[in-house]
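Here's a quick briefing to read alongside the model. Have the sequence and the 3D view open as you go.

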Amino acid sequence: MKNSPPDMPPAPLPYLPSYEKLEDDEAQTAQELAETMLHISQTVAQDEGRALRSVHAKAHGILRGTLQVLPLPPTLAQGLFAQAATYPVVLRFSTTPGDMLEDAISTPRGVAIKVLQVQGERLDPEDGLQEQDFLMVNAPVFGVPNAKKFLSGLKVVAATTDRAPRAKKLLSMALRGVEAVIEKAGSESRLLKTMGGHPATHPLSETYFSQVPQLHGLYMAKYSLVPVAPQLIGLKEVRLELADQPDALREAVTSFCAYQEGVWELRAQLCVDIQRMPIEDASVLWSEELSPYVPIARLTMPAQTAWDATQAPSADEKLSFSPWRGLAAHRPIGSIMRVRRMAYATSSAFRQRFNEIKG
Ligand code: HEM
């Protein structure tokens, strides 16, 4: 009797330039997207007197800790993860709206990770930085297939805000999870979540996803950040009291971090099938049955002050993240990723400039 072969995960697919297909008029789309986001930021800045991020404006904690790259097999030991090493990191937790809404309007959560002291060939050889950023939100799939579709929805949103007497509030309504509002194709529950009906979960208990792919050295991957410390997993049961507490999320993060350590795993999902795990259609969920997320690094945040009211607001203004800030080995790929390059650069340059002038 023959033994059946053991269940081996399929081999990851090496990246080929032919997998990437520029959309028609993609440069024009990228330009218009950056301008539309900028227009949103400018409207908010005039209303508010400070320039905020056009999305993910409100931070609920800025944490410092370390990222420990695990010993990995060759297909995973790529780029930043090539060697088992430890790096300093900064984490910024946020919610999606483009203004400082009260947390009673509960919206999807985001996290931005900045790995510091990173060596290697840079995406932008001129930036002179040693940073690798990863940006994630707490849902596994983007929901809009490509940049053109994303832009057409965003324009509708931006046009209505121009006519609104209280532009800022309306903008945030619209940007409460841009993708679902724009596409209007998500499930009811998804739309509800993005419009302020997100369950009152603790931001530190969530699993976060990059949603769209980037190079993982020779391969292509999406990333996730998963809480693994028992005290973080315990927070999954928590439902926060959000009514009448405008900064309830920040308070929850701050009170946890004051006394407890947080440990997360950074995981990678390698592309093994370009048809079923496409890079040019961001609306397709990459199946975890085809290729599971596997741990590549451990993120540890010791107990600390997550939000110091005297220093954090200005530190937050100066901080910026972009999927395009990092190593060539982690180049963002696919239409949504490509157009983000100009949008983030334009947005952060505008808010730095505006706020510097305002002092
Ligand atoms: C075409 C698609 C997208 C566009 C145009 C876009 C645009 C932007 C812009 C302009 C900002 C503010 C940047 C700043 O002022 O510093 C931002 C922030 C952010 N975006 Fe996106 N985004 C897109 C897709 C995504 C996706 C797919 C994710 C993650 C799954 C994501 C996660 C975030 C996060 C976490 C932040 C906050 C970063 C921080 O903490 O500073 N975005 N986005």
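Let's start in the strands: Phe209 stands opposite Ser224 in β7. Keep in mind that this is a predicted model, where local features need pLDDT of at least 70, side-chain atom pairs count only at pLDDT 80 or more, and totals for chains, interfaces and linings use all residues. Residues are numbered from 1 along each chain as its sequence is written.

- Strand β5 (residues 208–209) pairs with β7 in the antiparallel sense over two bridges; strands pair if DSSP finds at least two bridges between them.
- Strand β6 (residues 214–216) also runs antiparallel to β7, over three bridges, and His216 stands opposite Tyr219 there.
- The hairpin of β6 and β7 has two residues between the strands, and Gly217 takes a positive phi near 65° in it.
- With strand β8 (residues 262–270), β7 makes an antiparallel pairing over seven bridges; here Val226 stands opposite Glu265.
- Eight of the nine residues of β7 (residues 219–227) are buried, so the strand is largely enclosed by the rest of the structure. Buried means that 20 or more other C-beta atoms, placed from the backbone, lie within 10 Å of the residue's own.

**Helices α1 and α9**

- The axes of α1 (residues 26–48) and α9 (residues 335–358) come within 9 Å and cross at roughly 30°; axes are lines fitted to C-alpha atoms over the stretch in contact, with angles from 0 to 180 degrees between N-to-C directions.
- Residues making the contact include Leu33, Met37 and Leu38 of α1 and Val339, Met342 and Phe350 of α9. Contact here means C-beta atoms, placed from the backbone, within 7 Å.
- By class, that contact has 11 nonpolar, six polar and three charged residues. Ala, Val, Leu, Ile, Met, Phe, Trp, Tyr, Cys and Pro count as nonpolar, Asp, Glu, Lys and Arg as charged, and the others, Gly among them, as polar.

**Around the ligand**

- Of the 29 residues around the ligand, His56, Gly110, Ala112, Ser347 and Ser348 come nearest; to be near, a residue needs its C-beta atom, placed from the backbone, within 6 Å.
- α9 gives the most to this shell, with eight residues.
- The shell divides into 16 nonpolar, nine polar and four charged residues.

**The whole chain**

- The protein chain has nine helices and nine strands; these are DSSP runs, H or I over at least four residues for helices and E over at least two for strands, numbered from the N terminus.
- Of its 359 residues, 47% count as buried.

Terms used: Two residues are in contact if their C-beta atoms, placed from the backbone, lie within 7 Å. A residue is buried if 20 or more other C-beta atoms lie within 10 Å of its own, exposed if 12 or fewer, and partly exposed in between; C-beta atoms are placed from the backbone.
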